[in-house]
Amino acid sequence: MNKSMLAGIGIGVAAALGVAAVASMDVFDRGPQYAQVLSATPIKESIKQPRQECRNVTSTHRRPVQDENRLTGSVLGAVAGGVLGHQFGGGRGRDVATVAGALAGGYAGNQVQAGMQERDTYTTSEQRCKTVYDKQEKMLGYDVTYKIGDQQGKIRMEKDPGTRIPLDRNGQLILNSNQA
């Protein structure tokens, strides 16, 4: 064998290997490799979560009154006023002063007892609860509108795909990709 024949065989093998390598690389255009994302709309669901909200309420109560008409205060006031009125004047003037003192003392005793009954109070505290609702939004996914060449499509995805979605060799979307 001569050198030129060996060189020709070497060049032929190298050319064949080159053609095979180019063919396996899929250099020739097979179509788009990505779908263009036109829009990705978040889909959310509002959830109302109930919870109890409690607070302590203080109430002031008047103690029950045993002498509703305040007779005790009126009688004691009338006696004291009569005794005091009897100290003034003489004759008929003393009698008038005694009656006037009894009337004024009766009224004053009645009013004093009323004030004492109003201030005779006690305080209680009780817990009052009501149900309130907290709003939370739960992300369901994204409604994605995409375009492959001249064709548009829609799909719901768990995550926002960004600006593009990869395609497989057949031009179908690859949805299990780890792209965010």
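Q: Where is I155 found?
A: I155 sits in strand 3. Strands here are DSSP runs of E with at least two residues, helices are runs of H or I with at least four residues, and both are numbered from the N terminus.

Q: And what does I155 touch, leaving out residues up to four places away in sequence?
A: With those left out, I155 touches Y142, D143, V144, Y146, L173 and L175. Contact means heavy atoms within 4.5 Å.

Q: How far apart are I155 and D143 in space?
A: Their C-alpha atoms are 5.9 Å apart, and in sequence I155 and D143 are twelve residues apart.

Q: Before I go on, what kind of model is this?
A: It's a predicted model: local features need pLDDT of at least 70, side-chain atom pairs count only at pLDDT 80 or more, and totals for chains, interfaces and linings use all residues. Residues are numbered from 1 along each chain as its sequence is written, and side-chain values use heavy atoms, with hydrogens and water left out.

Q: Ok, back to strands. How do strand 2 and strand 3 pair?
A: They pair in the antiparallel sense over seven bridges; two strands count as paired if DSSP finds at least two bridges between them. Strand 2 and strand 3 form a hairpin with two residues between them, and G149 in the turn has a positive phi of about 65°.

Q: Which residue in strand 3 is the bridge partner of Y142?
A: That's M157. Y142, in strand 2, also stands opposite P42.

Q: How many bridges join strand 1 and strand 2?
A: There are 26, again in the antiparallel sense, with strand 2 covering residues 121-148.

Q: What's the order of the strands in the sheet?
A: It's an open sheet of four strands in the order 3-2-1-4, with antiparallel pairing. The edge strands are strand 3 (151-157) and strand 4 (164-166), each pairing on one side only.

Q: New topic: where is N110 found?
A: N110 is in helix 3, which covers residues 92-119.

Q: Buried or exposed?
A: N110 counts as buried because its relative accessibility is 15%. Buried means under 20% relative accessible area, exposed means over 50%, and partly exposed is in between (1.4 Å probe, protein chains only).

Q: What are the neighbours of N110?
A: Not counting residues up to four places away in sequence, N110 touches N69, R70, G73 and S74.

Q: Which other parts do the buried residues of helix 3 pack against?
A: They pack against strand 1 (34-62) and helix 2 (71-85). The buried residues of helix 3 include A97, G101, G105 and Q117.

Q: What span should helix 3 have?
A: Its 28 residues, at 1.5 Å a residue, should span 40 Å, and its end C-alpha atoms are 41 Å apart, which agrees. The expected span is 1.5 Å times one less than the number of residues.
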